[in-house]
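Work through the exercises below with the structure open. Try each task before reading its solution.

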Amino acid sequence: MAHLIGMEGMGVALGARPIFADVTLGLDDGMRVGVLGRNGAGKSTLLKILAGTATADTGRVTRAGGTRVAVLDQADALPAGTSVRDIVHPGVDEHVWASQSSVRDIHAGLLADVSLDADVAPLSGGQRRRVALARVLTEEAEVLVLDEPTNHLDVEGVDWLARHVQERYRRGEGALVVVTHDRWFLDAVCTRVWDVVPGHDGPGGRAPVPGHIEVYDGGYAAYVLARAERQRTAALAEEKRANLLRKELAWLRRGAPARTSKPKFRLDAAAELIADEPPPRDPLELTRLATTRLGKDVLDLEDVTVTYPLRPGERADGATGAGTRTILDGITWRLAPGERVGLVGVNGAGKSTLLRLLAGTQEPTAGRVRRGKTVQVRTLSQETRELDEVAHLRVIEAVEEVRGRVEVGGKELTAGQLVERLGFTRERAWTPVADLSGGERRRLQLLRLLVAEPNVLLLDEPTNDLDTDTLAAVEDLLDGWPGTLVVVSHDRYLLERVTDHQLALLGDGRLRDLPGGIDEYLRLRHELEGTGQAGAPGQATGAAPSGGSVTSESARTAARTGTAATADEAPSAADQRAARKEMARLERQLARASARIEQLHAQLAEASAGGDVETLTRLAAEAREAEKQHTALEEEWLVAAEVAE
């Protein structure tokens, strides 16, 4: 295994503040490394040093002779007036790259809807990102350095990129370093994780402590398990240290009243313990805010159609007449109280349009949207432009503008306490909104949304600009969210964690249920591509469900099992007896499933204590599958219980 890039004692400082110190890392052939860390911890700085676009202040960074590095930055700096072809293949004749199957695969996976002769200036953000990614992937380089490559990619695009990277490094030649918040992608691609732990200013800001990098084997799941074990071990060591500290300070207080000094070695020992006090990680706890009670009716879309004028180069839609294209076609969708839905689809299929209809900021071309009387909708948009209106305010003031105090768990919290719980230090809490980073703006946007106490949340790509620690805290909040939740995201990990079922827009104007989740969506897309029916959004691409209507998950399950009667017909006595027998059968299965989950958790604890990463990863996957089966059994039991009553 050839060595490609090495760091020995590397250090970087920003003014008087040390970012890194004494970092030693190596990058070898076959390594696929995911870089994690809080926003502002130094991930992008690390990538720049690896790529050679920035230099370290101390230590050495070495590269094997002839090692080439291709870099994807977060910012897609594509000069206007340049064609897609010249960006992706600068100075290369077409017959050279067109003869390579790997390049043709990249074109098919990333540029299928983009003309090579198109100017990059009018392209959408997602298209520009895919052009930049295609440029990097087609370069001949031993090392790929990718900074947030999944930004603006849909679920299908992320799946393609994961498969491409796996195939590219299948033979163990070359290396990948990627910064991403997409946990599914990390698990699918990476074999090692570098966790960038940020430094801090030290006591009173007078003794800055530089950041460092912790190395973990395996993907994201193995990283979470190993990190939890390290934190458990550290907590035990800290508990022992704290006990010693209390003992030491108690001794200092117990001295005779006449004693005017203590032995210096005892004072030095106490000072050492206090100086060694490790700073806690910035808190990322998101407060479970009270929500206004939802009524029986939430949001209903009834036979809704949305059309838009044709864009240059598009052909007319025969269904709606010349000059228009159909984005949503006769959709009926009823959202129930407490329903949790994930929405996926190809770019341009109408996901954002659907959210605007639910939010009431757009009216349908035909059909109607009914809203419950008690519904209070709030939307987390992809952009943070709404913060431009409060750019002159400080973070605390921007929260106070929405609500100054919130009651949480019987305690009244001020805006300052709320922003601190969301990971803002006291210094950053008084920073003007205009000076916040992208991740900080996203956190502030989410906090202002939550303090308004809505009962329907519409989240449009909520994972943008958030680090994995913040994402875990957001998911913890959404796990207990009592209102109705609709999430549009390319993040499979988030969708499978916080939603109960998923729906898809495949570009034909219809809304499809996905009983098989994201895997079913990808299968449907591949089948459409295989039959040549995967047309552009706004054009018919295949058969749709009858009537295009979508109902709640429990109603769909009842229809599949045949145990529920229609809305106008009560279940018969025979149906009720059959349902009670079904409940008894399911209860026995639930008991066995619960015992299996407990057994797996016990095995996980044993493997965690032994530090066996391979076993931890396998057991974690089995536990997730067991919990998924338990949830499915619970849903079946609930359907049977409705009939039995």
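The exercises that follow concern a predicted model.

**Exercise 1. Find out where confidence is lowest and where it is highest in the protein chain.**

Step 1. Begin with the whole chain. The mean pLDDT is 79. Of the residues, 80% reach 70 or more.

Step 2. Turn to the elements. Helix H18 (residues 553-561) is lowest, at a mean of 39. Strand S7 (residues 175-179) is highest, at 95.

**Exercise 2. Work out the strand order of the six-strand open sheet, then say which strands stand at the edges and why one side of each lacks a neighbour.**

Step 1. Write down the order: S14-S17-S18-S12-S19-S20. The pairing is mixed.

Step 2. Take the ends. S14 (377-380) and S20 (511-514) are the edge strands. Each has a single partner strand, so one of its sides has no neighbour in the sheet.

Step 3. Ignoring direction, neighbouring strands are turned by 20° against each other on average.

Step 4. Inspect one pair. S12 (residues 340-345) and S19 (residues 501-505) run parallel, joined by five bridges. Here glycine 345 stands opposite leucine 505 of S19.

**Exercise 3. Identify the residues with the most contacts inside the largest nonpolar core.**

Step 1. Follow one of them. Beyond four places in sequence, leucine 354 touches Leu301, Leu328, Trp333, Leu343, Leu505 and Leu511.

Step 2. Look elsewhere. Another core, of 44 residues, lies apart from it; Ile87, Val136, Val193 and Tyr216 are among its members.

**Exercise 4. Decide whether leucine 111 is buried or exposed.**

Step 1. Leucine 111 sits in the loop between helix H4 (101-110) and helix H5 (125-138).

Step 2. Apply the cut-off. Buried means under 20% relative accessible area. Leucine 111 has 5%, so it is buried.

Step 3. List its contacts beyond four places in sequence. They are Val88, Ile106, Leu116, Arg130, Val131 and Ala134.

Step 4. Take one contact further. Arginine 130 is 19 residues from leucine 111 along the chain, and their C-alpha atoms are separated by 7.0 Å.

Definitions and conventions:
Residues numbered from 1 in each chain as written. Predicted model: local features only at pLDDT ≥ 70, side-chain atom pairs only at ≥ 80, totals over all residues. Heavy atoms only, no water. Core = buried A, V, L, I, M, F, W, Y, C linked by side-chain atoms within 4.5 Å. Buried < 20%, exposed > 50% of the residue type's maximum accessible area, 1.4 Å probe, protein only. Contact = heavy atoms within 4.5 Å. Pairing = 2+ DSSP bridges. Helix = DSSP H or I, 4+ residues; strand = E, 2+ residues; numbered from the N terminus. Axes fitted to C-alpha atoms, helices over the stretch in contact; angles between N-to-C directions. pLDDT = per-residue confidence, 0-100.
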